[in-house]
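Work through the following exercises with the sequence and the structure open beside you. Try each task on your own before reading its solution.

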Amino acid sequence: MAPSQLIVFGAVLVGGYVSAFAPTQTQQQLISSPVTLSMSGSLHGENSCFLPLKQLEQDYYAPRIIQIAGAYPGLSKEEFFAVSSEPAPPEGQWTYDFSDPDGPQLGTVALDGSNIVSACEDPVVIIAEHTSLAVPLPDVIKEPVDLILVVDRAANRFSERKFLVINQPGTGLTIGAFPTKQDLPDGCEILGQVILCQIPWLPSMKKTKTGFLEVDEYF
């Protein structure tokens, strides 16, 4: 697959078919400048506001995105070899698929089926750096880590202490939680609500399950 493009939340496009790690050196070179967000809402852990976090386990196998070669009978050898395949995600992580980097679709990502994802009426995924939302990760992790945010665009109304995607005049798209409707920035538009925030398991993390509940640290 040719180099393709990944949205970094609120920022520029970063190249590469990547797994859920901190950006590689090649990806970093394509970032023009750091993003500074003007936040008006609460971040994760502030004012009793918490993202709906899901921490992957070290032995988690993500759904794999596989292209379809065609229908049988009637499939030709040329059609069979026309599609490409990508490596499976490392355990505890996921990958992004960018089938048409020059078109309006910027990529897809496979998510586990669940009642939360199934009930989402108009879902879209945002890839956000964990530092942009104050999601805590082990101190050994120094670089930003990609999180998957599943946003329901149909949930475009206020909900107390839920993480909302808003369009704020003069600032643009931001994500934050608000105790009351009166705390929303003046003139902002609610675009959707975060229903899931998925965190990868990285080799630098401790095992997610030790066999002792009191020792397990992650979400």
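**Exercise 1.** How many of the 11 residues of β8 are buried, and what follows for the way the strand sits in the rest of the structure?

*Solution.* Keep in mind throughout that this is a predicted model. Begin with the cut-off, since a residue is called buried when its relative accessible area is under 20%. By that rule nine of the 11 residues of β8 are buried, so the strand is largely enclosed by the rest of the structure.

**Exercise 2.** Find the strands that pair with β8, and state the sense of each pairing.

*Solution.* Take the partners one at a time. Strand β3, residues 53-55, pairs with β8 in the parallel sense over three bridges, and here Lys 54 has Gln 198 as its bridge partner. Strand β5 runs antiparallel to β8 and is joined to it by five bridges, while Val 151 stands opposite Val 194 of β8. Strand β6 also pairs with β8, which spans residues 189-199, in the antiparallel sense, this time over four bridges. Within β8, Ile 190 lies opposite Ile 166, and Gly 192 lies opposite Val 165.

**Exercise 3.** Describe strand β6 and its pairing with β7.

*Solution.* First consider burial: β6 covers residues 163-168, and five of its six residues are buried, which leaves the strand mostly covered. Next look at the pairing, where β6 and β7 (residues 172-177) form six bridges in the antiparallel sense, with Ile 175 of β7 as the bridge partner of Val 165. Finally, inspect the hairpin that these two strands form, which has three residues between the strands and in which Gly 170 takes a positive phi near 85°.

**Exercise 4.** Which residues touch the most other members of the largest nonpolar core?

*Solution.* This core has 23 residues, and those that touch the most other members are Leu 51, Leu 149, Ile 175 and Val 194. The elements giving two or more residues to it are β4, β5, β6, β7 and β8. Now follow Leu 51: leaving out residues up to four places away in sequence, its contacts include Phe 163, Val 194 and Cys 197. A second core of 13 residues is separate, and among its members are Tyr 96 and Val 150.

Technical notes. Residues numbered from 1 in each chain as written. Predicted model: local features only at pLDDT ≥ 70, side-chain atom pairs only at ≥ 80, totals over all residues. Heavy atoms only, no water. Buried < 20%, exposed > 50% of the residue type's maximum accessible area, 1.4 Å probe, protein only. Pairing = 2+ DSSP bridges. Core = buried A, V, L, I, M, F, W, Y, C linked by side-chain atoms within 4.5 Å. Contact = heavy atoms within 4.5 Å.
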